[in-house]
Structure formats: C-alpha cells, structure tokens
Amino acid sequence: MPSQSKPPKKTLCIIGDSHLGSVKRALDAGLVDMAGFDTEFWGAQGPAFRQLNLIDGAYRAQTPQAAEAVLQINGRGRAHVAPGDFDIFLFYGARLRMAEFMPPMLHHMARPNGAISRAVLAAATERFVRGTRAARVAMHFAEAGARVYFAPTPLFTDGVIDFEKARWAVRDFPLAWAADVPQRAPLWQALSDIFAAAGVGFVPQPEDTICRGVFTKADYAPEGALDARDVVHKSPEFAALMMRACLAALN
Amino acid sequence: MANPYQSLHDTAFWRPAVAEKGPLGLSGLWTPKFRIGPQDKIITAGSCFAQHISRALRARGYNWLNAEPAPPFLPKAAAQQFNYGIFSFRTGNIYTPAMLLQWLRLAFETGDVPDEIWQQDGRFFDPLRPVIEPDGFATEAELRAARQATQAAIAQGVKTANLLVFTLGLTEGWENAQTGLHYALCPGTVPGAAFDPDLHRFNNADFASLARIMGQALRLLRAQNPRLRVLLTVSPVPLTATATPQHVLTATSHSKSVLRALAGELALKYRYVDYFPSYEIITHPVFRGMFFAPNMRSVEQAGVDTVMGHFFADQARVFGVSAPSPKAKELPGATADGEDDLRCEEEMLGAFAK
C-alpha cells in the first residue's frame, strides 16, 4: 500500500516593520508550530518601511535604502511581493498602531458626552485604518484575490512607558486607562468589520495581554526594553501569542 | 426743551438713520447690552440660521464651545453627516421654544419629559432629533446612550458658558396628543414614524404661551448658571411649509412677527437677555430682499457677512475692539464648514410640497 503523501505546505508571507523581529525570534525559538507553512518574511524596519509602496500592483521599495532593507529581511532575494505570490499574506504590526487608536477613542467614549453610535464608530475607525498605507495595501491584495490577514501594532508596554514621550498617545487620555474588555470590544469589532468589508481577516491583540485599559502587560516587554525605554516592541513570547491567534484565524 | 425728540440721536430718525444711509450704509442697528469678546465661552443652539453665527464666531477666533465634539478620526464630512460641530450640542435644529425647554428639562432632569422612541425597518429614531443619524440608530440602547451624551453635553455647556446664542425659528410645531411630547419635526415627513392624525397634533404657539415657555427656559438656564447671558436672534428664513390654513407667506409673517416680538419683550424684561437684529438685516424692506437666494428663502453668504459685520461693528462701537483669542481657534472636535453644508431638517418638508 503506497504511503500517503503529505499535503503541500502553504506559502505564508509575513509582511511588516520592525515588529517582524519578535516574530522571527519566536519562530526561531520554536515557540510557534509553523509546520504546514513555508514562511517567508518581507518588509523593512523603521523609516525604510515608509518607503515601501504599492506600485504596479505589487508592494515595492521606493528607495535604494528600503530595497536593501527588504532584501536583508527577506533573505530570499524577493524585491517585491504581489497578490499572487503566496497562498496567505499576514501583515504584522505594519504601522497600524493601536496605541494611536485605542487611547483617544476609549477616552472619548468614556466621557459623559462621548457615547457614539456604531455608524459613527465605523466611520471614525475606517478613517483610522485607511490612513495607514499598509492597511490599504492589504486591502488591495485582498481585492486582487489574495488571502490576507492583518495583526496590528500592539499597545504600549506597561512599566516601560515614558509618559512625557508618550504624552500624545497615552497621558492625555486618562479615562482610557479604566477601560476593560467590554469597552475595548466595540473597537476591536469595528476594526474587524472594516477589514472584513475589504476581505481582510483582522487579528486583534489578545485581551489577556492587555492591562490598565490601554497597555500591553509588562511581562511582554522585550529584553532591554526598560533601559531603551522601548514601549513599542514586544517579546518573542508575545509574538508567539499573536502568531497563534493568527494561525487560529487562518485555520 | 421744545419737545423730547429734539435731543435724540440721529438713529432715532428714519431720514438720517435709514433713508440717507441706504441699506449698506446703516450703522448702529444694535446697541448691545453686554460685551461679547473672544474670551467668552459661547454656546449656540436654535434654528438653521444659528449655524451661521457659530461659524462666524469661530472664524473670528471667538471661543465657541463644542460641548459634544466628534470622536477622534471622524472625517469632517462624516462629522457633518452625523451632525457634530454644527451646534454646541448634537440636538440638531431646535426650531421652537418648546423644544428648547424640553431639551433643558431632559438635560437637568427637571420636569417630566414623555418617553418615546420611533422604530422603522429595524432602525431606531429619536423623535427629538430624528435625522441626527442618517440611517437611525442600530438599537434602542444605542439611541438612549447617544441622547444621554447630548443631555450631558447640554448640561456641561450651559454650566460652562458665559453666553447662549439662541435663534428662534418657528411658532409651528407638532406634539404627541396623548403625552405632550414635542417633536422636532412633523412625524411622517422624516423616517421613523408614520403620521397618525389621532396621535400627532399640530400646535401654532401663541405669544402668551411662547413667553411663558421661554420664561421657564431662561429661569432654568440661570438656575444652572447664574452668570449665563442669552443673546436671542430670530431666523430670517421663511417657513418651508405651514400646517395652518394660511398661505405660507402670511403664515411666515405671523410666525416671525410673534417670535420677533417675543425676543424684544424678553430682552426688555430680563437684564441678561439681549436681542440681536439679524432678522431685520435680512428681511427688512430697506434691504429689498437682496440677501435672499432666488428661492426667496435661503440666505446668501453676503447676507450672513452683513449680519455678522453689524454684530462685530456694534460690539466694537459700544465696547471697543476685541482682539481674537489664539487659543480659541483650537477647538476640540471636528466642525463642519462649507456654505452648502447648513443642516436644515425643516427642508425635509420641501419634499412633501405638492
């Protein structure tokens, strides 16, 4: 009797900015079971990420610096990605910053005069999402027939936050700090709805990683975060949690 | 003194004050009771024309309070669509004194306001502002939460402000015959409720009842904020339609005359109430209707500019020139601009014209 052949691996492209680093470390450490996927990274860190754009239907680097960053992160010589290049695309981080969205929205909605309808929330959320280039690229890929997911940049890390530096994002919105699951739920739903309408699966930050309304638990700070006052990036353990949520969504 | 007229100023006499000046040379039409400066916190409510006043004040750097700002990220066009930043509160147009008093009672929880929600095609509509959300609310809870937000905004705005600018719009209104709830607009002319002749009652308020209602509203406002002053104006915009047996033109004259008299009487009676004559500047025969659009109803921007020119000139004449406040220009929340963007729900009635 002939042995059953293994199903072919699905090709997965994880597109993002510097947050790809924690995912790479999580995968390298075997914190996530990626069997069944042929995984490739594509993107650029820091300012170079802003130099990636949708040109002639593909996501491409617009400058030599960005092109160099892309090749370094990808490691397989892929200068650009197009909707038909992979079975699945996962946009990870990619500048869709929850720390920019959640605190002002939750603060507003917690005010006595701040209740808003679902329709208003949807309109505000759509503006926020479509204001992020990577989100627009993800939507374009989905429109072109690709299977696409989006995991946003997580909330700032508690215990690391420098309130002076993060004033615009966090300190000015104290009512948001008291938010809990029920208050965040409509925002996650609104984000999910906006992406779903464009054919993109949205993967929210897991609720059990969030504390004090609008922060990621300090447990998920990467090594050296306190010294570097790095409120943005997260540990491989956090990336593993996110990836498991992503895999659950795409399975 | 041969007679008491001899010592009067030129403005007391038609020939030097009006005939020799011409419509665009008039001055001193208003002698304000109190100074209104960029440092004052101003809230606006009322009929469509009040939107012009709030815009002009904002443009001059006056401290117009947006007590119910749009949420972050909401685009300007959407903010306008959802009626944010048009008045100080998200009430929509408040055409009648009865609606003003009803909103104040809700905000300050004084007196009973009947409870009524409209529902149509699975959507929920607020009879106090049925077009505040273009497609209605998704749930009754959502509607009630939104109304609570507006009530809180009114309460906060009234307690915080130094000045309320209220534009009187209509004497004609509709109410629930059983409960007495006053509707913003006639049921059946907007989504949410079918018109029921047994339930929905027309009321063309007379002077005495309007004076009583405005007196109650003013007392309620001052009880919440003893420093609050009130500037009344009368909308010069004619009725879109009348539910009286009169011709709409004579019904307009009746309605506006009653409101004009009411505003004048209130300004005479209460030291903290003033009347600004935007109504006269647009409608008086001296101006020969020059500020009306061809439909003889809509007011052109030139009219608004002339009105506000008188406003600021007369303030400066009496109290001196006020420097704009830079801080006042940074107002929270999205605001809606653009001449075509006035939110006049009463226009809905136009769709029902024969």
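This section describes the interface between chain A and chain B, and then a sheet and one arginine of chain B, in a predicted model.

The size of an interface is often given as the accessible area lost when the parts come together. For chain A and chain B this buried area is about 1600 Å², and 70% of it falls on carbon and sulfur atoms. Chain A contributes 19 residues to the contact and chain B contributes 25 residues.

Polar interactions across the interface were also examined. One salt bridge is found between chain A and chain B. It joins the side chains of A:R118 and B:E142, with an N to O distance of 3.7 Å. Four residue pairs, both members at pLDDT 80 or more, are in polar contact across the interface of chain A and chain B. On the side of chain A that touches chain B, the elements giving two or more residues are α3 (98-110) and α4 (118-130) of chain A. Of these, α4(A) gives the most, with seven residues. By residue class, the side of chain A that touches chain B comprises 11 nonpolar, four polar and four charged residues.

Within chain B, five strands form an open sheet in the order β2-β1-β5-β9-β10, with parallel pairing. The partner strands β9(B) and β10(B) run parallel and are joined by three bridges. In this pairing, B:L232 is placed opposite B:Y275 of β10(B).

Strand β9 of chain B spans residues 229-234 and includes B:R229. The relative accessible area of B:R229 is 17%, so this residue is classed as buried, the cut-off being under 20%. A polar atom of the B:R229 side chain lies 3.1 Å from the backbone oxygen of B:R35. When neighbours within four places in sequence are left aside, the residues in contact with B:R229 are B:F34, B:R35, B:D40, B:N162, B:L163, B:L164 and B:Y272.

Conventions. Residues are numbered from 1 along each chain as its sequence is written. Chains are lettered from A and ligands numbered from 1 in the order in which they are written. Side-chain values use heavy atoms; hydrogens and water are left out. Contact means heavy atoms within 4.5 Å. Buried area is the accessible area (1.4 Å probe) that two parts lose on being put together, summed over both. A salt bridge is a side-chain nitrogen of Lys or Arg within 4 Å of a carboxyl oxygen of Asp or Glu. A polar contact is a pair of N or O atoms within 3.5 Å; within protein, one must be able to donate a hydrogen and the other to accept it, and residues adjacent in sequence count only if both atoms are side-chain atoms. Helices (H or I, at least four residues) and strands (E, at least two) are DSSP runs, numbered from the N terminus. Ala, Val, Leu, Ile, Met, Phe, Trp, Tyr, Cys and Pro count as nonpolar, Asp, Glu, Lys and Arg as charged, and the others, Gly among them, as polar. Buried means under 20% relative accessible area, exposed over 50%, partly exposed in between (1.4 Å probe, protein chains only). Two strands pair if DSSP finds at least two bridges between them.
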